[in-house]
Amino acid sequence: MSLEENIDYKQSIKFEMLRAEFAFSEFYRVCSVRLANPEWQPDEKIKLHHFDAYARWCGHMYEAFKAFLIINPEVEVGGNTRDVSKIDAEMQKETTNIISSMDFNQGEVKPIPEASFSTALRQIRNKCSFHCTTERSAISLLQSFLNQHHNVLLVIYMKFRNTPEYIGLEGIDTFGEIERFFDISTLVGPES
């Protein structure tokens, strides 16, 4: 992998992590309101926003994690980003490594990643977050992920967010062409 391609991936990881942070904040905000007001009955738009925020968080975490594996020289994914079985296997191994290397405070429960974690995360990314599919509203895929894997993904999210050097983001202070969009998008004009 060229240095330029490596930097492009790192800029994308940074971008995906910020998008994950935005989505998680939106999800957490609704959770906070529900906890503070147990009798609250939100309308369908708020319920959809809540579902969407969690699905986006999972999707952005998957993309950041996948890109991290691609640029990690200790991982055998390399440029073959279509080999999902290889990516799933490497993601599962790295998940176990991350959790086993972390210190947990007394009273904190160390999550144990199930063998289905990385596959389930990819399925959430595909079926609940980014691809239009009938399964999104017909099955409880997102709820199952939340019940089985949320604590594992939360630990990875915190590790990536709180230690950017772990995922190679030290010195990455720009988003590259993504930043140009801000300047170009102002040329569109007012909303119609």
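Met-61 is found in helix α2, where helices are DSSP runs of H or I with at least four residues, strands are runs of E with at least two, and both are numbered from the N terminus. In this predicted model, local features need pLDDT of at least 70 and side-chain atom pairs count only at pLDDT 80 or more, whereas totals for chains, interfaces and linings use all residues. Residues are numbered from 1 along each chain as its sequence is written, and side-chain values use heavy atoms, with hydrogens and water left out.

With a relative accessible area of 0%, Met-61 is buried, a term that applies under 20% relative accessible area, with exposed being over 50% and partly exposed in between (1.4 Å probe, protein chains only). When residues up to four places away in sequence are not counted, Met-61 touches Met-17, Ala-20, Leu-153, Ile-156, Tyr-157 and Phe-160, contact being defined as heavy atoms within 4.5 Å. Met-61 and Leu-154 are 93 residues apart in sequence, yet the C-alpha to C-alpha distance between them is 9.6 Å.

Met-17 and Ala-20 also take part in the contact between helices α1 and α6, in which these two residues, together with Glu-21, Phe-24 and Phe-27 of α1, meet Leu-146, His-150, Leu-154, Tyr-157, Phe-160 and Arg-161 of α6. By class, this contact has eight nonpolar, one polar and two charged residues, where Ala, Val, Leu, Ile, Met, Phe, Trp, Tyr, Cys and Pro count as nonpolar, Asp, Glu, Lys and Arg as charged, and the others, Gly among them, as polar. The axes of α1 and α6 (residues 141-162) come within 12 Å and cross at roughly 130°; such axes are lines fitted to C-alpha atoms, for helices over the stretch in contact, and the angles run from 0 to 180 degrees between N-to-C directions. The two helices α1 and α6 are therefore oblique to each other, as angles under 35 degrees count as roughly parallel, over 145 as roughly antiparallel, 65 to 115 as roughly perpendicular and the rest as oblique.

Aromatic side chains form a further element of the description. Rings of Phe, Tyr and Trp (its six-membered ring) pair if their centres lie within 6.5 Å, with planes under 30 degrees apart counted as stacked, over 60 as edge-to-face and the rest as tilted. By this rule the count comes to eleven aromatic pairs. One of them is the tilted pair of Phe-24 and Phe-27, at 6.3 Å centre to centre and 45° between the planes. Phe-24 and Phe-27 are three residues apart in helix α1 (residues 3-36) and are thus separated by about one helical turn; Phe-24 is buried at a relative accessible area of 14%, and Phe-27 is buried at 9%. Tyr-54 and Trp-57 form a tilted pair with 5.5 Å centre to centre and 50° between the planes, and both lie in helix α2 (residues 44-71), three residues apart, about one turn of the helix. Tyr-54 is buried at 3%, as is Trp-57 at 0%. Phe-24, Phe-27, Tyr-28, Tyr-54, Trp-57 and Tyr-157 form one aromatic cluster.

Asp-88, in helix α3 (residues 84-101), is buried at 7% relative accessibility and touches Ser-118, Thr-119 and Arg-122, not counting residues up to four places away in sequence. Over the whole protein chain there are seven helices and zero strands, and buried residues make up 37% of the 192 residues.
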